[in-house]
Amino acid sequence: MTQPNLSLVDTDPAELAVDAIVIGLHSQPDEGGALLPAAGAESIAAAFEGKLTSTLALLGASGAPGEVTKLATLGTISAPLVVAVGLGDEPSGSAPKLETLRRGTGAAVRALAGSGTVALALPLPDDEDAPSVLRAILEGALLGQYKFAGYKTKPQPNRRDPVAAVQVHVPDAGDAAAAAEVTRAEVVARAVRLTRDWVNTPPNLLRPPQFADAVVAAVEGTGLEVEVLDFEQLKAGGYGGIVAVGQGSEAPPRLVKLSYVPDGVESPKRVALVGKGITFDTGGISIKPAAGMWEMKSDMAGAAAVGATMLAVAALKPRVAVSAYLAMAENMPSGTAYRPGDVITMFNGKRAEVYNTDAEGRMVLADAIARACADGTDYVFETSTLTGGQVIALGKRIAGLMGSDDAVERVRVAGDEVGEPAWPMPLPDEVRKGMESDIADISQTNSNLDRAGHMLQGGVFLREFVAEGVEWAHIDIAGPSYHTGEPTGYWSKGGTGVPIRTLLSVIDQLG
Ligand code: BES
Ligand code: MN
Ligand code: ZN
C-alpha cells in the first residue's frame, strides 16, 4: 500500500477544493463541556456563521481525544465534508499534547478512507514548537493512513481505499523548515510502514532466508554496507545461540548486519542497534499453547524495526555511525531442535544452560549483542518481543526498558517525546542469583522456573553479553510492537513500528 502524497498549503482552508477537511475540536472543562474549534479552524467556523460547534454537538461530538465526527458542509465552504477530530480539553499552552495531535490526526485520516484528497487544518503554534507540532501532525497522517494490503483473492465490494493525498495547512507553505519536516516525515513513515508490512506478513511467507532477502532488497542503493551470515557461517563463526534456535527449522537462520558511516565526521560516536528476528515462535520443544500462537508471527518485530530504522538513517544521514544486527531464526520443535538441558556457547564464549526453548529470543540476541560489542561500539540499543512478562507488567502501550543509566534515560526521554513510551525497570541482583546454573555460566531463565521478575530475567540475561564500558538499553516491545484490538489513533491492527521513531530520535540526539 503506498504512502499518501503529502504537501503543504497556505490557502484559506475554507477555500480548499479537497474531498474533506480535518479540523480540531476542544472541549472546555470550565464551561460545562462546551465545544471550541481548535486553532486552524477559524475560517471554517466563520463560514458556518456560529453554527459549527452547535451542529457538531448535535451530531454527538464532545471533543474527546481521538473522537471523529463527520459533517456535510452543504456549500458553506469549498470542501463537501468537514471532519472534526477531538483534541481533548483546550490546552493551557500553545498547542495540544503532541501525542494527542498525532493520534487525532491518525484517527481522522483513517476515518477518511475512501476520500481522494484530504486537507488538515489543525492547530500549529507560531513559536519554536511549530516544527515538532507539524512533525506530529505529519506522522499521524502518514501512519494513520496505513493499511496492510492482505491476501484476499476477490475485490472487496465495500472496500474504501486509503486516502491518496494529504494537504497540510501551514502559515507559510514556502517555509524551508516546514518542507524539511515533510521530507523527514516521509522517510520516517516509510520505515514504520515497511516494518508494519514485515510484521503483518504471514510466517510461511517470511521465514529467515526470505526476511534477510527482504531487508537486503529494501536497503539496496542506499549506500548502507550489508553483511549476511548464513547457517554455515553462523556455525563456523561461533554464534551458538542463533544456531541453537535456528537448527530446529528447515528454514535456516541468518544474521544480517547493516552499517552506516557518516561522511566528514572524525571519529563519530558509534551506535549498534540489535533486533530479535524470530520469524515464528512456536516455543520449540517447550511448545506454546495453541491459543493465540499465530500472533507469534510478530516475534521478528524488533529486527524489522532496527532494519527499517537503518533505511531511515541512510536517508537522514545523522552524524553518528550506526550499525544494525538482525538476528533471524524460526523457533520450531523437530528432531533437530535444541532441547531444555542443552548448554550453548555464545559468540562471546559464555555458556548458557537452556531450561525452556521458548526463551529463544535471549539466545539469538546474546550472540548479536556480543558481535556488536566485538565490532566496537559506544552504545547498544537492543529491542525485542522478549517476554510475556512485559505485557503483564506494563500493558500493550508501554515498553519495558532496562540497561545502563545513560542509555536508558536517552530511550525514556525520546520515547516520551515521540509517543512510544518505555518505562525503566531494574536489573536486581537477586534475579541474577536465581539464574545461577550448576554446570554453565548462567541459566537462561530462573532455575526454579519461577516467573517472578519475568521481564527482568530477560534483561539480566542479556546484560551478560554486553562488553565492559558499552552503554546499553534493552527495550522489551512484546506488547507495543503488535496491536491486537480495533485500529486506534495512528495504529492499525497488527504491527505498529514501535520503537523506530524512538531509535531515530536517540540517534539524532547523539549526533
Ligand atoms: N516471543 C515470546 C514473548 C512474547 C509473548 C511476545 C507474548 C509477545 C507476546 C518469547 O519468546 C517467549 O516465549 N517468552 C517466554 C519466556 C519464558 C519461557 C522464560 C515468556 O514470556 O513466557
Ligand atoms: Mn518464545
Ligand atoms: Zn519469542
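**View 1. Charges across the protein chain.** The mean positions of the 42 positive and 62 negative charges of the protein chain lie 6 Å apart. Lys and Arg count as positive, Asp and Glu as negative; His and the chain ends are not counted. Each charge is placed at NZ of Lys, CZ of Arg, CG of Asp or CD of Glu. This is a predicted model, in which local features need pLDDT of at least 70, side-chain atom pairs count only at pLDDT 80 or more, and totals for chains, interfaces and linings use all residues. Residues are numbered from 1 along each chain as its sequence is written, chains are lettered from A and ligands numbered from 1 in the order in which they are written, and side-chain values use heavy atoms, with hydrogens and water left out.

**View 2. The whole chain.** The protein chain holds 15 helices and 20 strands. Helices (H or I, at least four residues) and strands (E, at least two) are DSSP runs, numbered from the N terminus. Along the principal axes, the C-alpha atoms fill a box of roughly 80 × 55 × 45 Å. Of the 511 residues, 56% are buried. Buried means under 20% relative accessible area, exposed over 50%, and partly exposed in between (1.4 Å probe, protein chains only).

**View 3. Strand 6 and its partners.** Strand 6 spans residues 117-121, and four of its five residues are buried. Strand 2 (residues 20-28) pairs with strand 6 in the parallel sense, over four bridges. Two strands pair if DSSP finds at least two bridges between them. Ile21 has Ala119 of strand 6 as its bridge partner. Strand 7 (residues 165-169) also runs parallel to strand 6, joined by four bridges. Here Leu120 stands opposite Val168 in strand 7.

View 4. Strand 12 and strand 13 (residues 351-353) run antiparallel, with three bridges between them. Thr345 stands opposite Arg351 in strand 13.

**View 5. Thr309 in helix 9.** Helix 9 covers residues 301-316 and includes Thr309. Thr309 counts as buried because its relative accessibility is 0%. Leaving aside neighbours within four places in sequence, Thr309 is in contact with Leu273, Ile500, Leu503, Leu504 and Ile507. Contact means heavy atoms within 4.5 Å.
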